[in-house]
Amino acid sequence: MNRDAMLAQLKEQQIFDIVIIGGGATGLGAAVDAASRGYRTLLIEQYDFGKGTSSRSTKLVHGGVRYLAQGNIKLVKEALRERGWLLKNAPHLTSVQPFIVPVFSWWEKIYYSVGLKMYDLLAGKLSLGNTLILNKKETLAYLPSINPQKLVGGILYYDGQFNDSALCTSLAITAAKHGAVILNYVKATGFIKEKEIITGVELEDTLANDQYAVKAKSVINATGVFTDAILHMDQPTHELLVTPSQGIHLVIDASHFKGNHAMMIPKTDDGRVLFAVPWQHKIVVGTTDTPIHVIDIEPKPLAEEIEFVIEHFNRYTNASITRQDVKTVFVGLRPLVKSNNIGSTALLSRDHTLVVSPSRLVTITGGKWTTYRKMGQDAVDNAIFVSKQTHKNACRTQTLAIGNELEKQRAIESIIKDCPALAELLHPQYPYIKAEVVYATRYEMAITVEDFLARRIRLLFLDAKAAIEMIDLVAVLMANELHKDSNWVLSQKHSFETLAQQYLLT
Ligand SMILES: Cc1cc2nc3c(=O)[nH]c(=O)nc-3n(C[C@H](O)[C@H](O)[C@H](O)COP(=O)(O)OP(=O)(O)OC[C@H]3O[C@@H](n4cnc5c(N)ncnc54)[C@H](O)[C@@H]3O)c2cc1C
């Protein structure tokens, strides 16, 4: 996947069957779906793939135990099916994660064991393992860091886990493999219309400041919390669809929470779910659900959110972490679909919503990462229908393999063979090597130091200080690949360091 080659294709292509705005989970899912069915597909992302919400999730491929408690069986069943398929289609980026819900009364034990047995049953053949009821001793063996006071036992159940932004890259590569034109750092700036119907999109390459106009038979708006901005670009009087809700995660060293099992607290003081999940040799703790009114691509954590997560983690474990123990804080915005009668965002629908505008713009939003494939399928089905395009192949994504893991390993080996010094580590405490920078720049469209450190490897999300310590090496290696000068290296160092400071609490 090479950006210059993609730009050349953009200039050559007379007309696209489907143009997708937004390179997060939803847009990339739609691009894989459309391209693998044989439609001429273009996807544009204004920043990097996954820079928005799709790199900031709790990293769970899940049916949503919480939605079961709300009685939303259909949503849970659909998500469990999607969970099973994703684990099969992208084994290199997903895994099975055991969870334990600690219980503090007999009533809780019965309630959660019934619920979690049902959760497993609903997964049917795609179950990831049997739900088990544990006594106190067993619970303490699986969760050695849990606070034993008042503990009665626990329920063990299984869900999926994944690397969210790496899946974005893999989906982009998969769509490209099926012929899609996929571009990061290209923004949709306007629509071209004939008789009120969208017939094309105006684009800006934000790196070169070049403007383009492409013809499109249909356009999909998959822009997450930016959905309303695109709807207004189409129709300035459009009613607001999305209510953003902020969620933060703190990442701490694994020494604060030992073992391989994750902890799930279904109901904290204010009714939220709290997770402590082992991920990439660290522990991810979160999250919050705070309604917000300003949409920022780099949202900031609120002091009370940080306090909430630290206080609850310490309450349920033997740890006594402080802000100093936090290696990284990362923040995401949920694109929840608006309901005019509800005060709390925790109650808004997590199901996805699809809207077709009079201009034939197809907007898809809401949902969750786990259901990205189904969202992509629904968006493409509707785009084809409203633009009256002839049907090509049927949707194939239920069984379509995602990514190019084997090719990647071979390419990295070949980079090292050509230059053995590239096998060196980038940081003494982490396993990443220099050849990965070269690979990501050559084949994964990493354009900035941030693209590499935040989303191709996940160091900004695991240890922001270590990520800052790597800037020099990464910037120089990337400059070499991209034929950039020392001014570029300096400006990359400055912008990444400024950004990474926001992920640090000290
Ligand atoms: C705190 C938190 C935890 C979560 N945890 C989980 C979880 O564990 N499991 C799960 O299944 N789900 C989870 N979710 C939900 C999931 O992350 C989101 O539903 C999903 O990432 C949304 O993807 P998206 O593609 O719709 O939006 P985004 O990822 O935000 O993508 C939209 C993209 O559109 C781009 N864009 C906007 N305007 C333009 C334009 N004019 N031109 C070009 N591009 C544009 C943006 O830059 C952005 O990258 C979580 C969400 C949050 C906030």
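**Figure 1. Overall dimensions of the predicted chain.** The chain has a radius of gyration of 23 Å, which agrees with the value near 23 Å that a compact globule of 506 residues would have. This is a predicted model. Along the principal axes, the C-alpha trace spans about 65 × 55 × 40 Å. Buried residues account for 51% of the 506 residues. Among contacts with a separation of 6 or more, 71% join residues 24 or more positions apart.

**Figure 2. Secondary structure and domains of the chain.** The chain holds 17 helices and 20 strands. The domain assignment gives domain 1 as 3–53 + 165–241 + 347–386. Domain 2 is assigned as 62–161 + 243–342. Domain 3 covers 405–501.

**Figure 3. The largest nonpolar core.** This core has 138 residues. A31, A175, I220, L453 and V474 have the most contacts inside it. Helix α7 (residues 164–177) supplies the largest share of the core, with eight residues. A second core is separate and has five residues, including L75, V76, A79 and A123.

**Figure 4. The shell around the ligand.** The ligand is surrounded by 39 residues. G22, G24, G52, G224 and G247 are the closest. Elements giving two or more residues to the shell are α2 (25–36), β8 (186–194) and β16 (326–337). Of these, β16 gives the most, with four residues. By class, the shell has twelve nonpolar, 20 polar and seven charged residues. Domain 1 and domain 2 each provide at least three residues of the shell.

**Figure 5. Contacts between domain 1 and domain 3.** The centres of the two domains, taken over C-alpha atoms, are 28 Å apart. Eight residues of domain 1 are in contact with six residues of domain 3. The side of domain 1 that touches domain 3 has two nonpolar, four polar and two charged residues.

Note on methods:
Residues are numbered from 1 along each chain as its sequence is written. This is a predicted model: local features need pLDDT of at least 70, side-chain atom pairs count only at pLDDT 80 or more; totals for chains, interfaces and linings use all residues. A nonpolar core is a set of buried Ala, Val, Leu, Ile, Met, Phe, Trp, Tyr and Cys residues joined through C-beta atoms within 7 Å. A residue is buried if 20 or more other C-beta atoms lie within 10 Å of its own, exposed if 12 or fewer, and partly exposed in between; C-beta atoms are placed from the backbone. The radius of gyration is taken over C-alpha atoms; the globule rule is 2.2 Å times the number of residues to the power 0.38. Two residues are in contact if their C-beta atoms, placed from the backbone, lie within 7 Å. A residue is near a molecule or strand if its C-beta atom, placed from the backbone, lies within 6 Å of it. Ala, Val, Leu, Ile, Met, Phe, Trp, Tyr, Cys and Pro count as nonpolar, Asp, Glu, Lys and Arg as charged, and the others, Gly among them, as polar. Domain bounds come from an automatic or database domain assignment.
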